[in-house]
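Visitor: I have a model open and I'd like to learn how to read its features one by one. Can you walk me through it?

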Amino acid sequence: MAPTQYDSSILQQFADDLYSRARWIIFSTAAMYGTVVFVLSIIGVLSASHSNLRVQEWGVIGTLTLVAVAIGVNRGREKAFQLKLQAQQILCQRQIEENTRAAVGSKALAAKV
């Protein structure tokens, strides 16, 4: 069985995928937080009042939902930063490998001359 060969394009592809995920994670986290709090707020208000929702109750639901979306945006930014940091580490490792390969190749060329 032949050994697996190194392919630097895989690192680039993985870093690109991490950046792509980082772009969407802020929106998806905010949407998830907002949706969960919205649904739970409606259930909570309906179970407490046993009737149709009044304007004040909609105000409370809206406020809680907006706070949850803001918290979701903050958490999404934290997650996005972690993904971008991981992508940068991968790209740094890739660049180190390319620079090392170029330096070794030039030394080998100089030794032959």
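This is a predicted model: local features need pLDDT of at least 70, side-chain atom pairs count only at pLDDT 80 or more; totals for chains, interfaces and linings use all residues.

Visitor: How many helices and strands are in the chain?

Guide: The chain has 2 helices and 0 strands. Helix H1 covers residues 8-49, and helix H2 covers residues 55-112.

Visitor: What does the overall form look like in numbers?

Guide: Start with the radius of gyration, which is 25 Å for this chain, whereas a compact globule of 113 residues would be near 13 Å. Then look at the C-alpha trace: along its principal axes it spans about 90 × 30 × 15 Å. As for burial, 19% of the 113 residues count as buried. The accessible surface comes to about 8400 Å², with 66% of that belonging to carbon and sulfur atoms.

Visitor: What share of the contacts with a separation of 6 or more joins residues 24 or more positions apart?

Guide: That share is 81%.

Visitor: Let's take one residue. Is arginine 94 buried or exposed?

Guide: The cut-off to know is that buried means under 20% relative accessible area. Arginine 94 has 18%, so it counts as buried. This arginine sits in helix H2. Setting aside neighbours within four places in sequence, arginine 94 is in contact with Ser8, Leu11 and Gln12.

Visitor: And how do I read an aromatic pair?

Guide: The general idea is that you describe two aromatic rings by the distance of the centres and the angle of the planes. The count here comes to 1 aromatic pair. That pair is tryptophan 24 with phenylalanine 27, at 6.3 Å centre to centre and 80° between the planes, which makes it edge-to-face, because planes over 60 degrees apart fall in that class.

Visitor: Where do tryptophan 24 and phenylalanine 27 sit relative to each other in helix H1?

Guide: They are 3 residues apart in helix H1, so about one helical turn separates them. Both tryptophan 24 and phenylalanine 27 are exposed.

Visitor: Which residues form the nonpolar patch on the surface?

Guide: The patch is made of Met32, Val36, Phe38, Val39, Leu40, Ile43 and Trp58, and together they have about 660 Å² of accessible area. Helix H1 supplies the largest share, 6 residues.

Visitor: Why does valine 39 count as partly exposed?

Guide: Partly exposed lies between the buried limit of 20% and the exposed limit of 50%. Valine 39 has 40% relative accessibility, so it lands in that class. Its place is in helix H1.

Definitions and conventions: Residues are numbered from 1 along each chain as its sequence is written. Side-chain values use heavy atoms; hydrogens and water are left out. Patches are made of residues with over 30% relative accessible area and no salt bridge: like charges are joined within 9 Å, nonpolar side chains (Val, Leu, Ile, Met, Phe, Trp, Tyr) within 5 Å. Accessible areas come from the Shrake-Rupley method with a 1.4 Å probe; for residues, only the protein chains shown count as cover. A salt bridge is a side-chain nitrogen of Lys or Arg within 4 Å of a carboxyl oxygen of Asp or Glu. Helices (H or I, at least four residues) and strands (E, at least two) are DSSP runs, numbered from the N terminus. Buried means under 20% relative accessible area, exposed over 50%, partly exposed in between (1.4 Å probe, protein chains only). The radius of gyration is taken over C-alpha atoms; the globule rule is 2.2 Å times the number of residues to the power 0.38. Contact means heavy atoms within 4.5 Å. Rings of Phe, Tyr and Trp (its six-membered ring) pair if their centres lie within 6.5 Å; planes under 30 degrees apart count as stacked, over 60 as edge-to-face and the rest as tilted.
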